[in-house]
Amino acid sequence: MTLCRRSSAAFGVVALLALSTGCGHPPPSGGVSAASPPMQTAVGPVPGPPRDMASLVNPYANDRTAMTEGRQLFVRFNCSGCHGGRAGGGMGPSLRDVDWIYGSGDAQLFSSIAEGRAHGMPSWQPLLTADQMWKLTTYIKSLRTSNEPQAPSGE
C-alpha cells in the first residue's frame, strides 16, 4: 500500500512540474500560441444602433453596363459556388426569389454583400470596393428581368 502511495505522489509531483514549466513562457521557436488572433472584420451585421439604409443609393441602378460587370464579378469571385451558376440557389439561398430574409432593396443587398450574414455569407467588404459591391447589387437586382445579362434559357 505504501508503494502505491509513493508512486502516486511521485507521479503527481512529476505531472505538476511538467505542467508548470510552460506557464508564463513564450512558446518555443516555431510553436503556436493558444491566444486567438485579433478579429479583423465582423461576419454578419455589425452590432449597434441601426443605420439609415435609406441614405445608401445605388449609383448604378438600371445601368446595363454595371449589370454585365456585376455578372462578371459574380463569376470571378465564385458567388456561384454557394448561390448557383445563375443564382438559383445551392448551398446558399437563391437570389432569384422574390422574398428575402434581409430585404431585397439595393441598400439591403449592398449591406448583405459588405457585412455578410450569419450561417455562411462572408463579409466581402475587405476584398471588394464599394463600386464593385454596387455593381454586384445591380446584377442581382437584374435577375428575373429582361435586362439580366446572360439569362438562363427558358426565362
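Student: How many aromatic pairs does a search of the whole structure find?

Tutor: Rings of Phe, Tyr and Trp (its six-membered ring) pair if their centres lie within 6.5 Å; planes under 30 degrees apart count as stacked, over 60 as edge-to-face and the rest as tilted. Here the search turns up three pairs. One of them is F74 with Y139, a tilted pair at 5.4 Å centre to centre and 55° between the planes. Helices here are DSSP runs (H or I, at least four residues), numbered from the N terminus.

Student: Before going on, what kind of model is this?

Tutor: A predicted one: local features need pLDDT of at least 70, side-chain atom pairs count only at pLDDT 80 or more, and totals for chains, interfaces and linings use all residues. Residues are numbered from 1 along each chain as its sequence is written, and side-chain values use heavy atoms, with hydrogens and water left out.

Student: Is F74 buried or exposed?

Tutor: Buried means under 20% relative accessible area, exposed over 50%, partly exposed in between (1.4 Å probe, protein chains only). F74 is buried at 1%, and Y139 is buried at 0%.

Student: Which geometry do the rings of F77 and W124 have?

Tutor: That pair is edge-to-face, because the planes are at 75°, with the centres 5.8 Å apart. F77 counts as partly exposed at 23%, while W124 is buried at 17%.

Student: At what angle do α2 and α5 pack?

Tutor: Two packed helices are described by the angle between their axes and the distance between the axes. Axes are lines fitted to C-alpha atoms, for helices over the stretch in contact, and angles run from 0 to 180 degrees between N-to-C directions. For α2 and α5 the angle is about 100°, with the axes 7 Å apart. That makes α2 roughly perpendicular to α5 (65 to 115 degrees).

Student: Which residues touch the most other members of the largest nonpolar core?

Tutor: In soluble globular proteins, nonpolar side chains tend to be buried together. Such a core is a set of buried Ala, Val, Leu, Ile, Met, Phe, Trp, Tyr and Cys residues joined through side-chain atoms within 4.5 Å. In this 19-residue core, F74, I113 and I140 touch the most other members. Helices α2 (64-76), α4 (106-115) and α5 (130-142) each supply at least two of its residues, and α5 gives the most, with five.

Terms used:
Angles under 35 degrees count as roughly parallel, over 145 as roughly antiparallel, 65 to 115 as roughly perpendicular and the rest as oblique.
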